[in-house]
Amino acid sequence: MERVDHLAHERNKSEFDVDAMKIVWAGSPHAFELSDRISKLVASDPGFRKDNRTMLSRKDLFKNTLRKAAYAWKTIVDLHLSEEEAAKLRFYVDEPAYTDLHWGMFVPAIKGQGTDEQQQKWLPLAYKMQIIGCYAQTELGHGSNVQGLETTATFDPQTDEFIIHSPTLTSSKWWPGGLGKVATHAIAYARLIVGGRDYGVNGFIVQLRSLEDHSPLPGITVGDIGMKFGNGAYNTMDNGVLQFDHVRIPRDQMLMRVSQVTREGKYKQSDVPRQLVYGTMVYVRQTIVADASCALSRAVCIATRYSAVRRQFGSQNGGPETQVIDYKTQQSRLFPLLASAYAFRFIGEWLKWLYTDVTQRLQANDFSTLPEAHACTAGLKSLTTTATADGIEECRKLCGGHGYLCSSGLPELFAVYVPACTYEGDNTVLLLQVARFLMKTVSQLGVKKPVGTIGYMTRVDHLMQCRCGVQRAEDWLNPSALLEAFEARAARMSVACAQNLSNFDNPEEGFAELSADLVEAAVAHCQLIIVSKFIEKLQQEIPGKGVKQQLEVLCNIYTLFLLHKHQGDFLSTGCITPKHASLANDQLRSLYSQVRPNAIALVDAFNYTDHFLGSILGCYDGNVYPKLYEAAWEDPLNDSVVPDGYHQYIRPLLKQQIRTARL
Ligand SMILES: CCCCCCCCCCCCCCCCCCCCCCCCCCCCCC(=O)SCCNC(=O)CCNC(=O)[C@H](O)C(C)(C)COP(=O)(O)OP(=O)(O)OC[C@H]1O[C@@H](n2cnc3c(N)ncnc32)[C@H](O)[C@@H]1OP(=O)(O)O
Ligand SMILES: Cc1cc2nc3c(=O)[nH]c(=O)nc-3n(C[C@H](O)[C@H](O)[C@H](O)COP(=O)(O)OP(=O)(O)OC[C@H]3O[C@@H](n4cnc5c(N)ncnc54)[C@H](O)[C@@H]3O)c2cc1C
């Protein structure tokens, strides 16, 4: 049967080269080819079916994930996929699993914190998945406060071993993904105790389960922590609980790149900073930022296509009703999210570059950029995940009632995504880290030159008193005007916080008292980073008819939307006047009209298959209503016309009503 494209008229309206935009989105022609090939491979393989996930019981769901993970691994091995291809396969399979923690945290922790010998011993086993690892840091009593962890690793010089122990209930490891039912090994974080002295938290490789029959080893109590938010969603993951009862491991299973314990029981600190113990978190925060654009673009793709299909009100002379995408209110909620998806894509690319750069410097014993890398990964992780989680929920609302159906794909996408605001660092806690970095920078002005993303502080005198030069709405399209407004707002908010802090005798007390303002200053700084990197991206050559123009429109929408949303900050710091704010809003409205004809093509550029989107509302051909109707009949509740339980619970009620009526 010929497929009718219900969105063809929308696609015909577009004013730019969609194929060229697909390459910009993917990052390069090579990345596009690879992504396109692997997404089709996954979509065409029934072994990766996912449409029944929200209806399965937890046990069936979990077993199905184990099957898929094994099948994915077999596919990777049989097809000799490269690491890059395997990572894409994981992405398009689109199901959280223990493998994420094995590849995403266990392996990087050994690479980042293990010595050369430790890497040589453990990595080949992990690469072949002959051992399966997890990252066991968080405990029942402490997650954010890593220094507050209670698990102990006490060196026993008699046997040359560490004794890993959970001294309290609150020291039970709690949350690690893959731990509950699968992992054979963990990187367990514990307080290092040598000769009765506490040297703080360090990572240890601990075997948890037998490699023969998977039973927990002596002294290990381990299980799953239970059902989590939403159907399907993150319940494919076995987040676990773990207690150690004096478990002995050889001394060489302490990760010893940052500090060492000798055979004689001497503690030695390398000349690398202690913060490298937190290095795996920096790596994962960077991958989470890169992933935010994927989750947001997926929700935006669904909401945009559906908004073009859906019609309500406005029929004239019996003609078609208005497409809801044509309502200005729909545009003002949807298009900033579309622009954010692109902004997050580019900030993800940039952060990857920054991470690679800092890693290379660390290898050459240059630790100077580590604080900035920590602040950027922490702050951008916080900003992009908060905006993405909120954005997915907004997309659900933009789809009206049908968005609430699991078949829209949006409830599961939200449920699977929203813990990103908490894991790998609670978003508020991470912004407070950025605030510390900002306060330190301000306090050292004149002593130490701010560089990189904080470089604008070198112009703090100018930024504290500059006046916005915008006179007409179009003036807001000038990147210099935008950048200066964002720099001035960020600088003024940081300086105001620093001045308020100086009124406290005890800086820590002051920091706690002013923490809500400090978080706002951190948000202003991080938004400036995203805006400035988007603007920088547009200074590069970008091939393809109309592609650069579309990206300029999106960049301006992203920036002016932030200015509009946070106009309180801009006005109260005197960076702009109410007149400037009003002109910015006029410009924003006009930009929405420019995006409108290109909206469908801009989401087509994500190149998502219907399998990956997993949404009837977002399907490529826009044939929404017949698909919704058919899907309803496939629900197991419709297997029988009369439901189970009728005779037990409905019929007696109805009969009782009849008797009452007779009385
Ligand atoms: C069914 C599907 C099958 C598919 C199968 C396919 C299989 C095959 C695949 C093959 C693929 C192969 C390819 C491989 C690629 C794989 C990629 C996979 C995807 C990976 C994604 C991972 C998955 C994500 C899932 C999410 C899991 C979540 C895990 C966790 O949550 S782990 C726990 C995280 N915990 C936290 O984040 C805790 C937060 N707290 C802290 O970080 C800190 O405690 C703190 C808040 C920072 C405070 O710490 P302190 O008390 O020490 O702080 P203080 O403030 O005193 O700071 C001291 C100084 O140190 C500085 N500092 C602090 N932190 C850092 C740091 N991290 N780095 C540098 N510096 C730091 C701080 O600034 C202070 O400095 P000073 O001021 O100068 O003194
Ligand atoms: C789905 C999921 C998967 C996870 N996977 C893993 C894993 O694989 N391995 C692992 O080790 N961990 C894992 N975690 C744990 C995760 O890293 C922690 O939950 C996270 O770091 C937050 O810590 P917490 O739970 O202690 O929150 P808390 O710190 O208890 O946060 C509670 C509230 O207190 C506030 N708060 C805390 N401290 C401060 C402060 N100093 N100032 C102001 N406000 C503060 C927070 O903002 C928050 O509102 C996972 C968690 C989830 C939800």
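Biologist: Which residue in E6 stands opposite Ala-188?

Modeller: In this predicted model, Ala-188 faces Phe-204 in E6. Further along, Arg-191 has Val-201 of E6 as its bridge partner.

Biologist: What makes E5 and strand E6 (residues 197-207) a pair, and in which sense do they run?

Modeller: Two strands pair if at least two bridges are found between them. E5 and E6 are joined by nine bridges, so they pass that cut-off; the two strands run antiparallel.

Biologist: How many residues lie between the strands in the hairpin of E5 and E6, and which residue takes a positive phi there?

Modeller: Two residues separate the strands, and Gly-195 in this hairpin has a positive phi near 55°.

Biologist: How do you know that E1 and E5 pair, and is the sense parallel or antiparallel?

Modeller: E1 and E5 share four bridges, against a requirement of at least two, and the sense is parallel. Tyr-135 is found opposite Ile-187 of E5.

Biologist: How many bridges join strand E2 (residues 152-156) to E5?

Modeller: E2 and E5 are linked by three bridges and run parallel. Thr-154 has Ile-193 in E5 as its bridge partner.

Biologist: Why is strand E5 (residues 185-194) called largely enclosed by the rest of the structure?

Modeller: A residue counts as buried if 20 or more other C-beta atoms lie within 10 Å of its own. Seven of the ten residues in E5 are buried, so the strand is largely enclosed.

Biologist: What is the order of the open sheet of three strands?

Modeller: The order is E4-E8-E7, and the pairing is antiparallel.

Biologist: What makes strand E4 (173-174) and strand E7 (220-224) edge strands?

Modeller: E4 and E7 each pair on one side only. For E7, five bridges connect it to strand E8 (residues 240-244) in the antiparallel sense, and Val-222 is opposite Leu-242 of E8.

Biologist: Why do you say that the buried residues of H3 line one face of the helix?

Modeller: The buried residues in H3 are Ser-35, Ile-38 and Val-42. Viewed down the helix axis, the buried residues fall within an arc of 75°, so they line one face of H3. On the other side, Pro-29, Glu-33 and Arg-37 are exposed.

Biologist: Why does Asn-598 count as buried?

Modeller: Asn-598 has 24 C-beta neighbours inside 10 Å, so it counts as buried; the cut-off is 20 or more. Asn-598 sits in the loop between helix H19 (578-595) and helix H20 (599-604).

Biologist: Why is ligand 1 said to lie between domain 1 (131-271) and domain 2 (279-604)?

Modeller: Both domains give residues to the shell around ligand 1, so the ligand lies between them. The shell holds 41 residues, and the closest are Gly-104, Val-146, Gln-275, Tyr-278 and Gly-425. Among the elements that give two or more residues are helix H4 (58-78), helix H8 (279-309) and helix H10 (370-398). H4 has the largest share, six residues.

Biologist: How do the residues of the shell around ligand 1 divide by class?

Modeller: There are 19 nonpolar, 15 polar and seven charged residues around ligand 1.

Biologist: What makes ligand 2 another case of lying between domain 1 (131-271) and domain 2 (279-604)?

Modeller: The shell around ligand 2 also takes residues from both domains, so ligand 2 lies between them. It has 21 residues, of which Gln-137, Thr-138, Gly-143, Ser-144 and Trp-175 come nearest. Strand E1 (133-136) and helix H12 (427-443) are the elements giving two or more residues, and H12 gives the most, three. By class, the shell around ligand 2 has ten nonpolar, nine polar and two charged residues.

Technical notes
Residues are numbered from 1 along each chain as its sequence is written. Chains are lettered from A and ligands numbered from 1 in the order in which they are written. This is a predicted model: local features need pLDDT of at least 70, side-chain atom pairs count only at pLDDT 80 or more; totals for chains, interfaces and linings use all residues. A residue is near a molecule or strand if its C-beta atom, placed from the backbone, lies within 6 Å of it. Ala, Val, Leu, Ile, Met, Phe, Trp, Tyr, Cys and Pro count as nonpolar, Asp, Glu, Lys and Arg as charged, and the others, Gly among them, as polar. Domain bounds come from an automatic or database domain assignment. A residue is buried if 20 or more other C-beta atoms lie within 10 Å of its own, exposed if 12 or fewer, and partly exposed in between; C-beta atoms are placed from the backbone. The arc is that of the directions from the helix axis to the C-beta atoms.
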